[in-house]
There are 2 protein chains.
Amino acid sequence: MPATQKITLHNPLDMHLHLRDEEMLHNIAQSSAKSFSGAIVMPNLVPPVTTKEAVIAYRSRIKEAIDDEAFTPYMTLFFKPDYSRAFLEEVRDEITAIKLYPAGITTNSEGGVSGFDVEELRETLEAMADLNIPLCVHGETNGFVMDREAEFVPIYEKLAKAFPKLKIIMEHITTKESVAALDRYENLYATITVHHLFITLDDVAGGMLQPHLFCKPIAKRPEDREALLRVALEAHPKVMFGSDSAPHPKHAKENCGCAAGVFTAPVALQLLTELFEKHNAPIENLQAFVSTNAQKIYGITPLQKSVTLIKEPFVVPAEYNGVVPMFAGEEIAYSIEEVNVG
Amino acid sequence: MPATQKITLHNPLDMHLHLRDEEMLHNIAQSSAKSFSGAIVMPNLVPPVTTKEAVIAYRSRIKEAIDDEAFTPYMTLFFKPDYSRAFLEEVRDEITAIKLYPAGITTNSEGGVSGFDVEELRETLEAMADLNIPLCVHGETNGFVMDREAEFVPIYEKLAKAFPKLKIIMEHITTKESVAALDRYENLYATITVHHLFITLDDVAGGMLQPHLFCKPIAKRPEDREALLRVALEAHPKVMFGSDSAPHPKHAKENCGCAAGVFTAPVALQLLTELFEKHNAPIENLQAFVSTNAQKIYGITPLQKSVTLIKEPFVVPAEYNGVVPMFAGEEIAYSIEEVNVG
């Protein structure tokens, strides 16, 4: 992308978003609704979203929280290995994907999957494949923190082989091992966050400890970040932007025993524009990374929304309604100039 | 070590300790003086300790802070490559070692060494070798946080080869690479902290982020911890206990941008006893690790002090004068029953 003054992105999509619930939902939903056409909304509430009624009710609460913004919350279910074909058929029209969490691996994931026995998962995953419901996966084992994602790659491969018609999205990938897996299996896709394109473990723990950059999966090594950057900047057709923007109240991030998650929703498009410009990537690639690839992979047609970014410094606010964003207080290169709907 | 009810350690030494200055010195010096015969006191004050007068004055302030406890502060200078032989001869009787910091690598190390040119260092290091002043080194490069220590090993080797009569102490080692270097050069020694025997990066950032376990060098991988445990438990003759106990006020640890350092001084001997028991290491090895090895390596004769530990649960206080210790609020297996001087 040449150093331009203005660029316009069409129908940006955030393919991995945490909107939480109740007060937090009301505090932060607008941050995404303002500049995105839609987002895949994660189902790890307390309790998790596991029924048709819960999906419908959560969608209503999101709609209420975003007032009348043009924004589609693409709803998801929290994966359970006992979802029947009949249940999935009934819920199909209400959801866009199903999210699988290994048990206990991240915020509110206690009820997730503990084993990855193909036969135990067969009925549900085959029904999902037949109904064209993508399986989104938080791919980490319970191993050593720097190895968890790479250790999960064989599980991705086992699932990809056993269910070749199932679209499997490796969520928020952070390692060169996951990037390499993308090209080995036709039915493996991935989302990449903006923060994992910017930081490594050095930024979290190399100087002072930075709780606002602490997330799961944790940021990895420089060579991992390079691998992510490569497929994002080239807009690899199996890769989509998914912020994994995850709000926690300031006190939960800055206290002892800080919660995992980086809040990027309000600055994601500005940061991605800065990044693509810095690396001289074509603007078409940014458009593909933030929208077109996802449309093709998921088969969705987003609401029409144009976001114009201008190369004017923007000082990131210290907080958005009590939530500290990435790069709080720092100056970033691009601002959102205007958003047009329709 | 068999599961005993009581053990007595003689003349324990902490070969790497931060006592800081002023209010903090007064708040925490007793924690070490109570249960140790002496400690190598690090010189990274603001400004660093670089003159004979500063050494003498700092020793006086320490003595004042510990009241009349039987405790020897073994003083150190902050290494400067321009220390002359004449200066070192003059200061020799006031110091036990000289501590080298690569520039900017940890708390108050801005004035440290930037290059490791053997010829630039020759006069000072040869004079130190001749005067039998050990060189203590914080061995980290400015590289990626998980690689910094391993990347420094070639610098240790270069120094060890160039100055074969100089005793070089690899301080607070955290990696299998440093452990391996110990046996390759006769003049390389090491200190190991208690926290690096207990934790890996998983404990710092694998679950919630734990600022009180954040330190430099950062805790590494499980196989690194295994390598440290092996040489500590066998009381490898070139390995000494050095706590690197580093107090920071609670707010500096729990705020955004947390300072590096774990405060272990008040619980170090209890934790080491628990560890050696758990691994069935002989009590003689613990004695060697916490005192005898250091006496031989440094050629020092500590004050006579016996510390009797009893297998009774001890709940670690939440704070010691505003400083949060390792395992604050948690129950550990051993308590200090009594300390006898002389």
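**Figure 1. Contacts and overall build of chain A in a predicted model.** In chain A, residues 24 or more positions apart account for 71% of the contacts with a separation of 6 or more. Two residues are in contact if their C-beta atoms, placed from the backbone, lie within 7 Å. The model is predicted, and local features need pLDDT of at least 70, side-chain atom pairs count only at pLDDT 80 or more, and totals for chains, interfaces and linings use all residues. Residues are numbered from 1 along each chain as its sequence is written, while chains are lettered from A and ligands numbered from 1 in the order in which they are written. Chain A has 12 helices and 14 strands; helices (H or I, at least four residues) and strands (E, at least two) are DSSP runs, numbered from the N terminus. Its C-alpha atoms fill a box of roughly 55 × 40 × 40 Å along the principal axes. Of the 342 residues of chain A, 52% count as buried. A residue is buried if 20 or more other C-beta atoms lie within 10 Å of its own, exposed if 12 or fewer, and partly exposed in between, with C-beta atoms placed from the backbone.

**Figure 2. Chains A and B and the contact between them.** Two copies of a chain are related by a rotation about an axis and a shift along it. Here a rotation of 180° with 0.0 Å of shift along its axis superposes chain A on chain B, with an RMSD of 0.0 Å. This is the relation of a two-fold axis. The superposition is by least squares on the C-alpha atoms of residues with pLDDT of at least 70 in both copies. The same surface serves both copies, as 100% of the contact residues of chain A recur in chain B. Chain A gives 23 residues to the contact and chain B gives 23 residues. On the side of chain A that touches chain B, the largest share, three residues, comes from helix H8 (residues 201-205) of chain A. By class, this side of chain A has 14 nonpolar, six polar and three charged residues. Ala, Val, Leu, Ile, Met, Phe, Trp, Tyr, Cys and Pro count as nonpolar, Asp, Glu, Lys and Arg as charged, and the others, Gly among them, as polar.

**Figure 3. Helices H11 and H12 of chain B.** Helix H11 (residues 268-278) of chain B and helix H12 (residues 283-298) of chain B pack at an angle of about 145°, and their axes are 10 Å apart. Axes are lines fitted to C-alpha atoms, for helices over the stretch in contact, and angles run from 0 to 180 degrees between N-to-C directions. The crossing of H11(B) and H12(B) is right-handed. A crossing is left-handed if the near helix is turned anticlockwise from the far one by less than a right angle, and right-handed if clockwise. H11(B) contributes B:Leu272, B:Thr273 and B:Phe276 to the contact, and H12(B) contributes B:Asn285, B:Leu286 and B:Val290. The contact of H11(B) with H12(B) has four nonpolar, two polar and no charged residues.

**Figure 4. The surroundings of B:Thr76.** B:Thr76 is found in strand E5 (residues 76-78) of chain B. B:Thr76 is buried because 24 other C-beta atoms lie within 10 Å. Leaving aside neighbours within four places in sequence, the contacts of B:Thr76 include B:Ile40, B:Val41, B:Ile95, B:Thr96 and B:Cys136.

**Figure 5. Two cis peptide bonds.** Most residues other than glycine have a negative phi, and most peptide bonds are trans. The bond from A:Lys216 to A:Pro217 is cis, with omega near -5°. A:Pro217 is in the loop between H8 and helix H9 (222-233) of chain A. In chain B, a cis peptide bond joins B:Val46 and B:Pro47, where omega is about -10°. B:Pro47 is found in the loop between strand E3 (38-41) and helix H2 (52-65) of chain B.

Figure 6. A:Phe327 is not a glycine, although its phi is positive, about 60°. The residue A:Phe327 lies in the loop between strand E12 (314-315) and strand E13 (331-332) of chain A. With 20 C-beta neighbours inside 10 Å, A:Phe327 counts as buried. B:Asn11 has a positive phi near 50° and is found in the loop between strand E1 (6-10) and strand E2 (13-17) of chain B. B:Asn11 is buried, with 21 other C-beta atoms within 10 Å.
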